[in-house]
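Subject: Structure for you to look at

Dear colleague,

Here is the structure I promised to pass on, with the sequence alongside. My notes on what was found follow below.

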Amino acid sequence: MAYVARTDRPADKAARYAEVEAEILAVLEGEPNLTARMATVASMLANAFDPYFWTGFYVVAPDKADELVVGPYQGTLGCLRIAFGRGVCGTAAATRQTQIVQDVHAFPGHIACDSRSASEIVVPVLDSKGRLIAVFDVDATEKAAFDTEDQVALERLMAKVFAQS
Ligand code: SME
């Protein structure tokens, strides 16, 4: 099946997220592989929203405690590993709370993988047993690109894609 990103998305952000979420769930139906699921989410979201500059997952490292390792993503080169508690992704992993950062250059310990990133949102990703398996990170080149509408939509999407057994 050829997937072509639509150019006629609704202007309203919540409606746009709802539409893309339905498309993602339809594409992933019957596909249990975690890498395939993460790659599909990263690709379809990156193509649906213009401000998404870096879009992807840092997964909980299987080989080292309290460390994230880069997973499927769309964008410029990302750092490979992030310790829990470091930067925005490490803070989301350590606290299991979504982080919205309006100005990454003002965030203590922010890890600058690409200096063009100006704001970001990072959402914890849990499995069906409530275990942290990854964080989902989106960076934008404009300051304050993300708000609670993005948070609500992305938390719901991550729950639907990764926490359903
Ligand atoms: N900005 C992130 C690092 C990852 S990248 O931006 C791809 C952080 O501080 O956690």
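In this predicted model, an oxygen atom of the ligand lies 2.8 Å from an N or O atom in the side chain of Asp-139. The protein covers 99% of the 310 Å² of accessible area that the ligand has on its own (areas by the Shrake-Rupley method with a 1.4 Å probe, where for residues only the protein chains shown count as cover).

Two points on the conventions: residues are numbered from 1 along each chain as its sequence is written, and side-chain values use heavy atoms, with hydrogens and water left out. As the model is predicted, local features need pLDDT of at least 70 and side-chain atom pairs count only at pLDDT 80 or more, whereas totals for chains, interfaces and linings use all residues.

The ligand sits in the largest cavity. A cavity here is a set of points, on a 1 Å grid over the protein atoms alone, where a 1.4 Å probe fits but cannot get out, and a molecule sits in it if more than half of its atoms lie within 2 Å of its grid points. Strand 1 (54-60), helix 3 (87-95) and strand 6 (132-140) are the elements that give two or more residues to the shell around the ligand, and helix 3 gives the most, with three residues (helices are DSSP runs of H or I with at least four residues, strands are runs of E with at least two, and both are numbered from the N terminus).

The residues surrounding the ligand include Trp-54, Tyr-58, His-110, Glu-120 and Asp-137, where a residue is near the ligand if one of its heavy atoms lies within 4 Å of it. By class, the shell divides into seven nonpolar, two polar and three charged residues (Ala, Val, Leu, Ile, Met, Phe, Trp, Tyr, Cys and Pro count as nonpolar, Asp, Glu, Lys and Arg as charged, and the others, Gly among them, as polar).

Asp-139 also has a partner within the protein, as its side chain makes a polar contact of 2.9 Å with the side chain of Ser-117. Such a contact is a pair of N or O atoms within 3.5 Å; within protein, one must be able to donate a hydrogen and the other to accept it, and residues adjacent in sequence count only if both atoms are side-chain atoms. Ser-117 is found in the loop between strand 4 (99-101) and strand 5 (119-126), and at 3% relative accessibility it counts as buried (buried means under 20% relative accessible area, exposed over 50%, and partly exposed in between, with a 1.4 Å probe and protein chains only).

Two other loop residues may interest you. Asp-66, in the loop between strand 1 and strand 2 (67-74), counts as exposed at 53% relative accessibility, and its phi is near 55 degrees, a positive value in a residue other than glycine. Arg-96, in the loop between helix 3 and strand 4, is partly exposed at 42%, with phi near 60 degrees, again a positive value in a residue other than glycine.

Best wishes

How values were computed:
1 Å grid on protein atoms, 1.4 Å probe; cavity = no way out; pocket = protein on both sides within 12 Å on 5 of 7 lines; lining within 4 Å.
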